[in-house]
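Trainee: I have a new model open on my screen and would like to learn how to read it. Could we go through it together?
Mentor: Gladly; bring up the sequence and the structure.

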Amino acid sequence: MADDTSHVARLFAEAVPEIAAGSVEIKAIARKPGYRCKLALVSRDPRIDCVGVCVGVRGCRIKNVVDGLGGERIDVIRWDDSPERLITNALQPAAIERVILHPAEHRAVVVVKPDQVSLVMGRRGENRQLASELSGWQIDVREE
């Protein structure tokens, strides 16, 4: 992980005991410092909700991390080994109709209804860009 993402990982390990203990693992981090960060998590214990423990009761845990990053917006998502599901999770809250993978080019085409394009893209294209970085797939958007 780069320095800016390792800083995020360190802050989460300090704020979330389940990460420090290893029962919740940070699988990927994508970040545009000062603006937004996406964090993909997986739980090694089926009784632990990886997203819930990072957010905390009434958002208390994630608030500590947000404060440590100067108010940067953080999206916490569930990791999935399926690229289609991971990309769909990373682009939430947009409603994705389907994801078409082009493995040879490591590119994914996300098909959405016209009213969802702005949610997929995000402000200044940040949402799509960070989802691409997080998933490791170049994401293109196509209207249905």
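Trainee: Let me start with Leu86: is it buried or exposed?
Mentor: A residue counts as buried when its relative accessible area is under 20%. Leu86 has a relative accessible area of 4%, so it is buried. Keep in mind that this is a predicted model.

Trainee: Where is Leu86 found, and what is it in contact with?
Mentor: Leu86 is found in helix H5. If we leave aside neighbours within four places in sequence, Leu86 is in contact with Ile77, Arg78, Trp79, Asp80 and Ser135.

Trainee: Now for sheets. How do strands pair?
Mentor: Strands of a sheet pair through backbone hydrogen bonds, either parallel or antiparallel. Here, 3 strands form an open sheet in the order S4-S5-S6, with mixed pairing. Strand S4 (96-102) and strand S6 (138-143) stand at the edges with a single partner strand each, so one side of each has no neighbour in the sheet. On average, neighbouring strands of this sheet are turned by 25° against each other, direction ignored.

Trainee: How many bridges join S4 to S5?
Mentor: There are 6 bridges between S4 and strand S5 (residues 107-112), and these two strands run antiparallel. For a detail to find on screen, Arg98 stands opposite Val111 in S5.

Trainee: And which helix lies across S4, S5 and S6?
Mentor: That is helix H5 (residues 83-90), which runs at about 135° to S4.

Trainee: What tends to happen to nonpolar side chains?
Mentor: In soluble globular proteins, they tend to be buried together. In this model, the largest nonpolar core has 22 residues, and Phe12, Leu41 and Val76 touch the most other members. Two or more residues come from each of helix H1 (3-15), strand S1 (24-32), strand S2 (36-43), helix H3 (50-55), helix H4 (60-68) and strand S3 (73-78). H1 gives the most, with 5 residues.

Trainee: What does Phe12 touch?
Mentor: Not counting residues up to four places away in sequence, Phe12 touches Ile19, Ile26, Leu39, Cys54, Ile62, Val65, Ile74 and Val76. Apart from this core lies another, of 20 residues, including Ala94, Val110, Val112 and Val120.

Trainee: Let me step back to the whole chain. How many helices and strands does the protein chain have?
Mentor: The protein chain has 7 helices and 6 strands. Along the sequence, they follow the pattern α-α-β-β-α-α-β-α-β-β-α-α-β.

Trainee: What radius of gyration does the chain have?
Mentor: The protein chain has 15 Å, and a compact globule of 144 residues would have a radius of gyration near 15 Å, so the two agree. Of those 144 residues, 44% count as buried. As for contacts between residues at least 6 apart in sequence, 57% join residues at least 24 apart.

Terms used
Residues are numbered from 1 along each chain as its sequence is written. This is a predicted model: local features need pLDDT of at least 70, side-chain atom pairs count only at pLDDT 80 or more; totals for chains, interfaces and linings use all residues. Side-chain values use heavy atoms; hydrogens and water are left out. A nonpolar core is a set of buried Ala, Val, Leu, Ile, Met, Phe, Trp, Tyr and Cys residues joined through side-chain atoms within 4.5 Å. Buried means under 20% relative accessible area, exposed over 50%, partly exposed in between (1.4 Å probe, protein chains only). Helices (H or I, at least four residues) and strands (E, at least two) are DSSP runs, numbered from the N terminus. Contact means heavy atoms within 4.5 Å. Two strands pair if DSSP finds at least two bridges between them. Axes are lines fitted to C-alpha atoms, for helices over the stretch in contact, and angles run from 0 to 180 degrees between N-to-C directions. The radius of gyration is taken over C-alpha atoms; the globule rule is 2.2 Å times the number of residues to the power 0.38.
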